[in-house]
Amino acid sequence: MSRRDRPANGADEPGVDEEFDQIQQRWRRRMLGRVAAVVGLLALVVATARWLGFDLAYLWAHRDNLRDVLLEEMLAPGQLWAQLQGDASTLVPATLETLAIAAVGTALGLPLAFCLGILGASNVTPRVVHEPVRLLLGGVRAVPSMVYALLFVILAGLGPVAGALAIAMGTIGDLGRLFADEMEEIDSRPVEAVTSSGAGLLATTSAARIPQVATAYVAWTLFYLELNARKSSVLGIVGAGGIGYPLIMAFNARNYTRVMAAIVAIFVLVVGVEFVANRLRDLLDADRQTSH
């Protein structure tokens with residue numbers, strides 16, 4: 001009698017070899033399913049790329065165009081330095097305006113994001129409140145900042161005011177959602193302790209909920225200030241102020257050295273904001289650890 005035919009623990013139980021064969025068959029089915037899923041996904045990506053017009057042969061045939069622009073115009077050190085010096089009177093005010101758009105837009109959107117973030121948390125308000133608020137935040141987030149900028153140009157005209165309003169709308173939608181998610185992760189025990197003393201919703205939220213999320217809210221706000229600095233740098237393309245305007249004008253004139261000068265200014269702005277935000281986060285962490 002072979003081991004395959006011999007039951008392990010009784011006449012109705014499969015032998016070791018039979019059980020091993022069943023495990024191998026299940027493993028093969030899972031692997032075949034995964035391979036088929038990967039092949040199907042790759043086929044979908046290739047089909048979508050072809051639908052978009054991707055042609056690798058065309059891109060390869062025109063690679064010299066990009067190389068010439070990069071090496072002879074954008075990355076030529078002498079030309080770039082001369083362009084930066086010549087455009088300083090334009091780039092410096094435009095960069096400062098971009099920073100102002102990001103800061104004012106974040107400041108305008110933050111109070112509404114804070115209120116809607118609390119109202120949108122399921123552990124703070126009932127379903128009849130937090131579900132419509134969540135839906136509202138989702139709708140606000142669904143519209144790109146460039147579209148808001150185009151709409152606010154109609155209201156405020158060309159310039160940085162439209163850009164700041166566009167940044168404010170994006171801040172409300174995104175930060176409001178993040179604030180609501182963060183609020184739903186808090187420890188419920190302090191809330192229950194304050195509620196048991198007879199405190200109302202407002203007192204409970206201010207005494208037991210907000211202290212638990214204050215540090216995270218500040219960190220998210222600083223992070224979003226960095227994102228808004230990046231967003232603000234391109235709003236000028238649609239007339240909403242900032243360094244995007246000289247950037248798109250340089251592209252239209254096919255002056256790629258000037259384009260690179262604007263990119264350098266954007267790089268300095270974004271890195272500077274990120275550096276300051278990181279320093280502020282470090283100071284807040286140090287204060288929090290000291291207070292504990």
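Q: Arg-281 and Glu-226, buried or exposed?
A: Arg-281 is buried, and Glu-226 is buried too. Buried means under 20% relative accessible area, exposed means over 50%, and partly exposed is in between, with a 1.4 Å probe and protein chains only as cover.

Q: What sort of model is this, and how are residues numbered?
A: This is a predicted model, in which local features need pLDDT of at least 70 and side-chain atom pairs count only at pLDDT 80 or more, while totals for chains, interfaces and linings use all residues. Residues are numbered from 1 along each chain as its sequence is written, and side-chain values use heavy atoms, with hydrogens and water left out.

Q: Back to Arg-281 and Glu-226. What do their side chains do?
A: They meet in a salt bridge, 2.7 Å from N to O. Arg-281 sits in helix α12 (residues 256-291) and Glu-226 in helix α10, so the pair ties together parts that are 55 residues apart in sequence. Salt bridges also make a network: those that share partners join Arg-134, Arg-177, Asp-181 and Glu-184.

Q: What counts as a salt bridge, and what as a helix?
A: For a salt bridge, a side-chain nitrogen of Lys or Arg has to be within 4 Å of a carboxyl oxygen of Asp or Glu. Helices are DSSP runs of H or I with at least four residues, strands are runs of E with at least two, and both are numbered from the N terminus.

Q: How many salt bridges in the whole structure?
A: The search finds twelve.

Q: Which residue does Asp-181 form a salt bridge with?
A: Arg-134, with the closest N and O atoms 2.8 Å apart. That pair links distant parts of the chain, since Asp-181 is in helix α8 (residues 160-183) and Arg-134 in helix α6 (residues 127-142), 47 residues apart. Asp-181 is partly exposed at 25% relative accessibility, and Arg-134 is partly exposed at 22%.

Q: And where does Glu-184 come in?
A: Its side chain meets Arg-134 in a salt bridge of 3.0 Å, N to O. Glu-184 is in the loop between α8 and α9 (188-196), and Arg-134 is in helix α6, so this pair ties together parts 50 residues apart in sequence. Glu-184 is partly exposed, at 28% relative accessible area.

Q: New topic. How many aromatic pairs are there?
A: Five in the whole structure. One of them is Phe-114 with Tyr-217, which is edge-to-face, at 6.0 Å centre to centre and 90 degrees between the planes. Phe-114 lies in helix α5 (residues 88-119) and Tyr-217 in helix α10 (residues 201-235), so parts 103 residues apart in sequence are tied together.

Q: What are the cut-offs for a ring pair?
A: Rings of Phe, Tyr and Trp (its six-membered ring) pair if their centres lie within 6.5 Å; planes under 30 degrees apart are stacked, over 60 edge-to-face, and the rest tilted.

Q: Phe-114 and Tyr-217, how buried are they?
A: Phe-114 is partly exposed, with 29% relative accessible area. Tyr-217 counts as buried at 5%. As for Tyr-148 and Phe-152, their ring centres are 6.4 Å apart with planes at 20 degrees, so that pair is stacked.

Q: Where do Tyr-148 and Phe-152 lie?
A: Both are in helix α7 (residues 145-156), four residues apart, about one turn of the helix. Tyr-148 is buried at 8% relative accessible area, and Phe-152 is buried at 17%.

Q: Which residues do ring pairs link into a cluster?
A: Phe-114, Phe-179 and Tyr-217.

Q: What about the surface: which residues form the nonpolar patch?
A: Trp-51, Leu-52, Phe-54, Leu-56, Tyr-58 and Leu-59, with about 810 Å² of accessible area together. Helices α1 (16-52) and α2 (56-61) are the elements that give two or more residues. α2 gives the most, with three.

Q: How are patch and area defined?
A: Patch residues have over 30% relative accessible area and no salt bridge; like charges are joined within 9 Å, nonpolar side chains (Val, Leu, Ile, Met, Phe, Trp, Tyr) within 5 Å. Areas come from the Shrake-Rupley method with a 1.4 Å probe, and for residues only the protein chains shown count as cover.

Q: Last one. Which domains does the chain have?
A: Domain 1 (21-69) and domain 2 (73-290), with bounds from an automatic or database domain assignment. Their centres, taken over C-alpha atoms, are 36 Å apart.
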